[in-house]
Each structure stands twice: as structure tokens, then as C-alpha cells.
Amino acid sequence: MSFGLFVNRLVSGLVATSFLSISELLSMSGAFGAFGVIAVSSFVFVWIYVPETKGKSLEEMHDFFASLVDGGGSAEHVELEDFDDVEFEDDFDKLSSECRTPTHVAMM
């Protein structure tokens, strides 16, 4: 969350500091057109490369993204639908104990 906020503030600052220079170089409509092209390009990128997660459980998404991080392939080779038939345990005690004991955090 904090990384997202950092990137948002960074990009907003870059746009705010560069807008006047860009509008002088390209004109006001050219600056808005350039930012519009960037926005449309971003939308197309997300539409093509970000996998659909609607209707998927957190466990399915965790397994999918863990397979990408663990070297299980790329998003082009692994689809979230591959995890449709994966059964997860409903043992609340086991799940809650796993949430309380993070394995990726080093103890000081």
C-alpha cells in the first residue's frame, strides 16, 4: 500500500512539474493529447497483461502469483483457470495459525 502511494505521489509530482514545459513545447491541446495517449496505452497494457481475478478466491490468486514468483512460468503460460479444481482445506485453526506465523519475515 505504501509503495502504491509512493508511486502515485511520484508520478503526480512529475506530471505537475513537467506540465508547463510540455504545454509550451506542444501547446495545451498537445499536452493533453500526450497524456491521453499515455492513459490509453496504460489501459491497453492492463487489458492485455494483467490476469482477470474476478470470481477467484484469495487462495487461487495466491497460488497463481506464487507460481510466477517461484519460477513456475510466466503469466502467458499459467492461467488462473488452471487452479479452478484445486481444493483448499476449510480448517480455520490451520489457516489462522499460518496467518499469525509469517515465514518470510526474519526475526531480530
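Student: Which residues do ring pairs link into a cluster?
Tutor: Phe19, Phe32 and Phe35 are linked into a cluster by ring pairs. Keep in mind that this is a predicted model.

Student: How many aromatic pairs does the structure hold?
Tutor: There are five aromatic pairs in the structure. One of them is the stacked pair of Phe19 and Phe35, with 6.2 Å centre to centre and 20° between the planes. This pair links distant parts of the chain: Phe19 sits in helix 1 (residues 2–26) and Phe35 in helix 2 (residues 28–49), 16 residues apart.

Student: What about Phe64 and Phe65, what kind of pair do they form?
Tutor: Phe64 and Phe65 form an edge-to-face pair, at 4.8 Å centre to centre and 70° between the planes.

Student: Is Phe64 buried or exposed?
Tutor: Phe64 is buried, because its relative accessible area is 0%. Phe65 has 37% relative accessibility, so Phe65 counts as partly exposed.

Student: Changing topic: where is confidence lowest in the protein chain, and where is it highest?
Tutor: Confidence is lowest in helix 4 (residues 92–100), with a mean of 53, and highest in helix 2, at 93.

Student: And what pLDDT does the protein chain average?
Tutor: The average is 77, and 66% of the residues score at least 70. Where pLDDT is low, the predicted coordinates should not be read in detail.

How values were computed:
Residues are numbered from 1 along each chain as its sequence is written. This is a predicted model: local features need pLDDT of at least 70, side-chain atom pairs count only at pLDDT 80 or more; totals for chains, interfaces and linings use all residues. Side-chain values use heavy atoms; hydrogens and water are left out. Rings of Phe, Tyr and Trp (its six-membered ring) pair if their centres lie within 6.5 Å; planes under 30 degrees apart count as stacked, over 60 as edge-to-face and the rest as tilted. Helices (H or I, at least four residues) and strands (E, at least two) are DSSP runs, numbered from the N terminus. Buried means under 20% relative accessible area, exposed over 50%, partly exposed in between (1.4 Å probe, protein chains only). pLDDT is the predictor's confidence in each residue, from 0 to 100.
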